Amino acid sequence: MTFDWTNQVAKEWGRFTPFLSAGVANSIFDSRYQRRPYTTLGTLAHFEAGTSFDLGRSLTISASAYDVAPWGAQKVYSRVVGKGAGGAQASKHGRVYLDNAVTSGGSSIDRDNGFNADLDFNPWKYVDFDFGFSHSVHYQLDTFSFGVGFNLSSLLRRRGISRN
């Protein structure tokens with residue numbers, strides 16, 4: 001069982017919307033921009049700050065920086081190395097998730113920081129295309145993402161019935 005308590009503040013200033021997010025958790029969560037090749041268990045704080053910029057009615061870009069600050073005992077569970085298996089080679093850049101299925105240690109094994117960029121395109125009010133990029137400075141890991149979202153609420157909403 002994991003928990004994550006996160007708060008975010010954002011303020012629109014014209015076309016810009018700066019935001020700040022901070023939280024406390026016992027596991028690193030996958031963000032909108034990346035699905036990490038590992039999961040963790042151990043107490044940590046996480047922070048993200050950035051801004052989005054509205055380029056027009058249907059196009060938004062955003063950029064942010066993040067930091068994951070764990071403390072105490074940590075465990076890293078690999079999504080790329082199976083249970084009971086060891087990694088093929090010694091990992092670089094602190095990528096302990098390539099060494100073993102489970103790695104236990106101090107806070108240095110899952111400390112991370114980096115930045116994100118995102119392009120969001122809404123050609124219609126019920127369709128959303130999202131292109132994301134995330135770079136982990138600690139792990140020297142780049143992640144590209146693409147998503148398609150559908151908002152069906154406008155299609156499913158009932159029209160009010162007038163009474164005579």
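**Patch and ring pairs**

Mentor: Gladly! Leu55, Ile61, Leu119, Trp124, Tyr126, Phe131, Phe146, Val148, Phe150, Leu152, Leu155 and Leu156 make a nonpolar surface patch of about 1,200 Å². Areas use the Shrake-Rupley method with a 1.4 Å probe. This is a predicted model, where local features need pLDDT of at least 70 and side-chain atom pairs 80 or more, while totals use all residues. Residues are numbered from 1 along each chain, and side-chain values use heavy atoms, without hydrogens and water.

Trainee: Which element gives the most to the nonpolar patch?

Mentor: Strands (DSSP runs of at least two residues) and helices (at least four) are numbered from the N terminus. Strand E8 (112-124), strand E10 (141-150) and helix H1 (153-156) each supply at least two patch residues. With three residues, the top contributor is E10.

Trainee: Is tyrosine 38 buried or exposed?

Mentor: Buried means under 20% relative accessible area, exposed over 50%, and partly exposed in between. Tyrosine 38 has 2% relative accessibility, so tyrosine 38 counts as buried.

Trainee: What kind of aromatic pair do tyrosine 38 and tyrosine 97 form?

Mentor: Rings pair if their centres lie within 6.5 Å; planes under 30 degrees apart are stacked, over 60 edge-to-face, and the rest tilted. The structure holds eight aromatic pairs. For tyrosine 38 and tyrosine 97, the centres are 5.1 Å apart and the planes at 20°, making the pair stacked.

Methods
Patches are made of residues with over 30% relative accessible area and no salt bridge: like charges are joined within 9 Å, nonpolar side chains (Val, Leu, Ile, Met, Phe, Trp, Tyr) within 5 Å. A salt bridge is a side-chain nitrogen of Lys or Arg within 4 Å of a carboxyl oxygen of Asp or Glu. Rings of Phe, Tyr and Trp (its six-membered ring) pair if their centres lie within 6.5 Å; planes under 30 degrees apart count as stacked, over 60 as edge-to-face and the rest as tilted. Buried means under 20% relative accessible area, exposed over 50%, partly exposed in between (1.4 Å probe, protein chains only).
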